[in-house]
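Student: I've got a model open on my screen and would like to learn how to read it. Can we go through it feature by feature?

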Amino acid sequence: RSPLSALCRQVYSGILKLSHRKVCVSSTHAFVFSNCTHGQAQSVLLTFDLYSTTHASSNIGPQKGAFLDEIVAREAPLRVLELGTHCGYASVRILRLLPPSGKLLTVELDPLTADRGEEIILVAGFKNQQFQVLTCSSAEAISSLRSHTGNDGLDLVLMDHDPELYLQDLLALQRGNLLSSSCVVLINRALTPGARDLLEHVTARPQSFSVGRQLHGLMEIRCHTGMSPKPQN
Ligand SMILES: C[S@@+](CC[C@H](N)C(=O)[O-])C[C@H]1O[C@@H](n2cnc3c(N)ncnc32)[C@H](O)[C@@H]1O
């Protein structure tokens with residue numbers, strides 16, 4: 001493809017994005033639902049990515065998605081919490097890389113969005129034993145989390161809801177003793193002013209947290225304050 005045609009495509013896609021500025025859950029859902037191959041997680045993700053070339057989108061997208069994939073593959077987490085399901089893009093990315101006994105709990109405040117997100121996760125081929133969508137605020141979900149996880153701590157948390165709530169939700173997870181030893185917390189939009197409290201909190205406590213890599217505002221933080229490891233048989 002010539003540089004001129006690549007430039008034209010970029011300008012065209014920019015104009016389309018501007019004309020569809022508002023993120024629309026229903027239209028994202030309808031596009032993915034009718035254009036992907038049902039039962040194939042990879043096709044669902046590619047269809048989301050295709051949609052976001054011409055429309056505004058709230059999901060983490062393919063670049064940060066690949067960073068998330070790397071962390072999920074490396075950690076092989078058994079219990080994952082996502083705060084902010086939206087249409088299910090990151091949920092599908094996570095679920096396709098979980099170990100067979102892994103489970104994702106994903107939390108969405110808005111009931112319509114939660115329904116749409118859940119439908120997309122099912123369309124991608126995942127079963128209700130592998131995930132649960134909790135339709136409530138992050139604070140409510142954290143306060144009832146023990147009833148979903150039992151004694152298992154969370155191995156990975158993706159915070160992608162409201163940066164202003166990241167610190168209070170992290171503290172609530174710690175108070176509830178809900179994090180496994182060496183849990184990884186990924187925060188999206190880490191460089192926005194809303195996330196500043198959380199960053200100040202973790203960087204001031206190097207004995208409790210290690211700040212890892214960051215890509216386009218998706219930042220990895222390892223918490224050393226979780227439950228002690230289970231005894232090995
Ligand atoms: C940026 S989108 C999440 C994108 C999703 N993680 C992905 O990459 O596919 C943020 C979502 O968080 C939800 N949200 C905002 N505040 C919330 C809260 N306090 N508790 C739970 N969900 C919340 C919004 O309704 C929205 O759907």
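**Reading the model**

Tutor: A residue is called buried if 20 or more other C-beta atoms lie within 10 Å of its own, exposed if 12 or fewer, and partly exposed in between, with C-beta atoms placed from the backbone. Keep in mind that this is a predicted model: local features need pLDDT of at least 70, side-chain atom pairs count only at pLDDT 80 or more, and totals for chains, interfaces and linings use all residues. Residue numbers start from 1 along each chain as its sequence is written.

Student: Where is Leu98, and which residues does Leu98 touch?

Tutor: Leu98 sits in the loop between α5 and β2. Helices (H or I, at least four residues) and strands (E, at least two) are DSSP runs, numbered from the N terminus. Leaving out residues up to four places away in sequence, Leu98 touches Val80 and Leu104. Contact here means that the C-beta atoms, placed from the backbone, lie within 7 Å. Leu98 and Ala73 are 25 residues apart along the chain, with 7.5 Å between their C-alpha atoms.

Student: How do I read the sheet, and in what order do the strands come?

Tutor: Look for pairing, which requires that DSSP finds at least two bridges between two strands. Here 7 strands make an open sheet with mixed pairing, in the order β3-β2-β1-β4-β5-β7-β6. The edges are β3 (131-135) and β6 (209-215), each of which pairs on one side only. On average, neighbouring strands of this sheet are turned by 15 degrees against each other, direction ignored. For that kind of angle, axes are lines fitted to C-alpha atoms (for helices over the stretch in contact), and angles run from 0 to 180 degrees between N-to-C directions.

Student: Which way do the side chains of β1 point?

Tutor: In a regular strand the side chains alternate between the two faces of the sheet. In β1, Arg79, Leu81 and Leu83 point one way and Val80 and Glu82 the other, and all are buried. With 5 of its 5 residues buried, β1 (residues 79-83) is largely enclosed by the rest of the structure.

Student: And how is β1 joined to β2 and β4?

Tutor: β1 and β2 run parallel and are joined by 5 bridges; Arg79 has Lys103 as its bridge partner in β2. With β4, β1 pairs in the parallel sense over 4 bridges, and Leu83 is partnered there by Met159. β4 (residues 154-159) is mostly covered too, with 6 of its 6 residues buried. On to β5: 5 bridges join β4 to β5, again running parallel, and Val157 stands opposite Val185 in β5.

Student: Where does an antiparallel pair turn up?

Tutor: Go to β6 and β7 (residues 218-223), which run antiparallel and are joined by 5 bridges. Val211 has Ile221 as its bridge partner in β7.

Student: How should I describe two helices that pack together?

Tutor: Two packed helices are described by the angle between their axes and the distance between the axes. For α9 (residues 166-175) and α10 (residues 196-203), the axes come within 7 Å and cross at roughly 45 degrees. That makes α9 oblique to α10: angles under 35 degrees count as roughly parallel, over 145 as roughly antiparallel, 65 to 115 as roughly perpendicular and the rest as oblique. Tyr166, Leu167 and Leu170 of α9 make the contact with Asp197, Leu198 and His201 of α10.

Student: What about backbone angles?

Tutor: Most residues other than glycine have a negative phi, and most peptide bonds are trans. Asn177 has a positive phi, near 55 degrees. Asn177 is in the loop between α9 and β5 (179-187), and counts as exposed, with 12 other C-beta atoms within 10 Å. Ser182, in strand β5, has a positive phi of about 65 degrees. With 16 C-beta neighbours inside 10 Å, Ser182 is partly exposed.

Student: Last one: which residues are closest to the ligand?

Tutor: The closest are Asn59, Gly84, His86, Tyr89 and Ala90, among 19 residues surrounding the ligand. A residue counts as near if its C-beta atom, placed from the backbone, lies within 6 Å of the molecule. α5 (89-95) and β2 (103-108) are the elements that give two or more residues to this shell.

Methods:
Contact = placed C-beta atoms within 7 Å.
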